[in-house]
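Reader: I have a structure open and have not looked at it before. Can you walk me through it?

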Amino acid sequence: MPCLLGIDSGLTVTKAVLFDIDGTPLSIARRRVTQSFPQPRHVERDMDEFWNATADAIAEAIAKSGRPASDILAIATTAHGDGIYMLDKDRRPLGPGILSLDSRALDVAGRWLGGPVAKKSISITGQAPHASAPSAILAWIKENEPERYAQIGHVLAAKDWLRFCLTGEVGTDRTEASTSFTDVNTQGYSKDALALFGLEELWGALPPMARSDEIVGDVSEACAERTGLVAGTPVVAGLHDVTASALGVGGLGIGTVAVVAGTYSINETLSSEPRVDESWFCRNGIAPGEWNNMSISPASTANYDWFLDKLCAAERREAEQSGRSIHDMLRTEIDAALAKPSTAMFHPYLFGSPYGAMASGSFFGLRGWQERGDMLRAVWEGIAFNHRIHVDHLKGGFAISSARLTGGVSRSPAFAQMFANVLGMPVTVTDTDEAAAWGAALCAGKGAGVFGDVYSDPRDLDAIAITYSPDMERSSQYEKRYALFCEMASALGPLWPKIEALSD
């Protein structure tokens with residue numbers, strides 16, 4: 001029976017998921033990938049360890065599926081975007097991969113944002129530079145590690161490294177290529193963009209660009225021996241994981257904002273023409289003539305994970321051991337907290353923010369008689385408020401009337417309803433296991449000729465979706481809390497650099 005393999009690699013976990021061609025998950029295998037923090041603001045991973053973890057997950061997924069590897073029609077990868085994975089001129093890893101949580105290039109991006117580079121970057125590439133952008137990281141390496149810079153042979157993204165390990169072929173796709181160095185109008189690579197960032201000598205290091213659903217290679221003999229895949233199995237180019245997640249839940253479209261509540265606050269909408277603004281990234285869509293407009297910050301449910309690790313460690317261990325949902329275990333606490341007024345508020349800026357890398361996470365309005373549930377509610381609200389900042393930016397440029405929500409915590413009805421109330425628009429949650437991996441599998445299916453295009457999801461999306469409508473009374477209450485949330489952030493702006501200076 002034919003099936004498709006979608007590989008989804010995030011910042012901490014890499015997954016291999018086998019899907020039937022009707023969209024049913026057949027098996028899933030996960031492996032954690034170690035993050036290293038060799039210096040403040042440096043967030044890295046060993047590239048070989050990353051591949052080995054993924055290869056183990058592939059082997060386990062095949063074994064668990066009960067299907068022979070020969071049933072796999074095609075494979076696609078998706079992974080965290082931004083950051084950088086470099087190969088030397090011998091096509092070996094040039095040091096560790098640099099993750100999108102890395103902010104070593106904060107000063108580089110700050111210089112650019114404070115001068116003419118930012119405006120020129122928006123005009124040429126459709127986006128302002130930021131600390132985890134390939135442009136800023138490569139400029140930092142050029143300034144601080146010139147010997148390493150001189151050895152760069154190929155500049156890849158995370159999923160492109162996995163594709164190289166699968167096939168031995170260097171390349172990327174349209175969505176990933178547009179993270180720094182493409183012309184927003186032509187959608188092709190731009191020498192002007194490289195020159196703007198002082199990276200002209202890397203023109204030859206940019207990987208060839210293909211459509212996300214285009215077959216770009218076959219599983220190599222070495223990969224087959226390592227994973228149990230069949231040599232010669234087609235591999236398509238794959239795509240950036242935020243685009244894959246939106247595609248996987250049917251949320252990648254015009255008039256809809258796809259809200260991905262993951263490590264990053266991702267909010268994206270499709271357009272048929274390029275529109276640029278400093279508050280969103282205008283990047284390539286899957287097909288020529290499509291643009292994916294993303295307003296993002298590293299400030300979403302990573303804050304919730306931190307809260308669970310630090311304040312709910314016992315419950316988290318119990319959930320892992322029993323197979324229960326940690327969200328269900330905390331439901332009584334969050335429901336009780338939502339049922340009463342609360343002064344507790346939280347800025348979810350533990351790992352980054354839309355206000356720049358100097359912003360930090362903070363609780364406000366805590367009182368001695370409040371409980372853990374009040375803090376949990378504040379974390380949830382802070383995450384939703386931060387997403388609203390980005391959705392409001394997009395609504396300033398695009399006609400958006402509804403949202404599609406995905407991310408692990410979106411399975412909580414209380415969380416989804418909160419998003420509807422905070423955003424003031426209907427929010428739909430699709431019952432999709434492993435949305436990003438399924439988005440990749442849709443590309444694999446198109447490449448293999450199973451689907452007419454990547455939007456031809458074989459599932460009945462209406463039947464597997466729940467739409468949460470905003471409660472007008474609660475939305476009105478959230479308007480006041482959201483206004484205060486933003487006012488506090490503005491007031492703290494001058495203080496965040498002073499707080500950050502305490503770490504020197």
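**Working chat**

Author: Start with Ser475, which touches Ala420, Asn421, Gly424 and Pro470, not counting residues up to four places away in sequence. Keep in mind that this is a predicted model.

Reader: Where is the place of Ser475?

Author: Ser475 sits in helix H18, residues 472–492.

Reader: Is Ser475 buried or exposed?

Author: Ser475 counts as buried, at 9% relative accessibility; the cut-off for buried is under 20%.

Reader: And how many residues apart in sequence are Ser475 and Gly153?

Author: They are 322 residues apart in sequence, and 52 Å apart in space from C-alpha to C-alpha.

Reader: OK, stepping back. How many helices and strands does the protein have?

Author: The secondary structure comes to 19 helices and 22 strands. Buried residues make up 60% of the 504 residues.

Reader: What about contacts in the protein between residues 24 or more positions apart?

Author: Such pairs account for 71% of the contacts with a separation of 6 or more.

Reader: Back to details. What does strand S6 pair with?

Author: Strand S6, residues 85–88, pairs with S8 in the antiparallel sense over four bridges. Within that pairing, Met86 has Val155 in S8 as its bridge partner.

Reader: Why is S8 described as largely enclosed?

Author: Five of the five residues of S8, residues 152–156, are buried, so the strand is largely enclosed by the rest of the structure.

Reader: And the loops on either side of S6, anything there?

Author: Two residues with positive phi. Asp82 is in the loop between strand S5 (72–79) and S6, and Arg91 is in the loop between S6 and strand S7 (97–98). Asp82 has a positive phi of about 55° although it is not a glycine, and for Arg91 the positive phi is about 65°.

Reader: Which elements cover the buried residues of H4?

Author: The cover includes S6, S7, helix H2 (106–113), helix H5 (146–150) and S8. Helix H4 spans residues 134–144 and is mostly covered, with eight of its eleven residues buried. Those buried in H4 are Pro134, Ser135, Ala136, Ile137, Leu138, Ala139, Trp140 and Ile141.

Reader: What is His42 in contact with?

Author: Trp140 is one of its contacts, along with Ser36, Phe37, Asp102 and Arg104, leaving aside neighbours within four places in sequence. His42 lies in the loop between strand S3 (25–32) and strand S4 (44–45). It is buried, with a relative accessible area of 6%.

Reader: New topic. What is the order of the open sheet of seven strands?

Author: The order is S16-S17-S15-S14-S20-S21-S22, with mixed pairing. Strand S16 (281–284) and strand S22 (465–468) stand at the edges, each with a single partner strand, so one side of each is left without a neighbour in the sheet. The twist averages 30° from one strand to the next.

Reader: How do S15 and S17 pair?

Author: Strand S15 (residues 265–271) and strand S17 (residues 291–297) pair in the antiparallel sense over seven bridges. In S17, Trp291 is the bridge partner of Ser271.

Reader: Last one. At what angle do H10 and H17 pack?

Author: Helix H10 (residues 241–248) and helix H17 (residues 435–447) pack at an angle of about 85°, and their axes are 7 Å apart. The two helices are therefore roughly perpendicular to each other.

Reader: Which residues in H10 and H17 meet?

Author: From H10 there are Asp241, Ala244, Ser245, Leu247 and Gly248, and they meet Ala435, Ala436, Trp438, Gly439, Ala440, Leu442 and Cys443 in H17. By class, that contact has eight nonpolar, three polar and one charged residues.

Note on methods
Residues are numbered from 1 along each chain as its sequence is written. This is a predicted model: local features need pLDDT of at least 70, side-chain atom pairs count only at pLDDT 80 or more; totals for chains, interfaces and linings use all residues. Side-chain values use heavy atoms; hydrogens and water are left out. Axes are lines fitted to C-alpha atoms, for helices over the stretch in contact, and angles run from 0 to 180 degrees between N-to-C directions. Angles under 35 degrees count as roughly parallel, over 145 as roughly antiparallel, 65 to 115 as roughly perpendicular and the rest as oblique. Contact means heavy atoms within 4.5 Å. Ala, Val, Leu, Ile, Met, Phe, Trp, Tyr, Cys and Pro count as nonpolar, Asp, Glu, Lys and Arg as charged, and the others, Gly among them, as polar. Buried means under 20% relative accessible area, exposed over 50%, partly exposed in between (1.4 Å probe, protein chains only). Two strands pair if DSSP finds at least two bridges between them.
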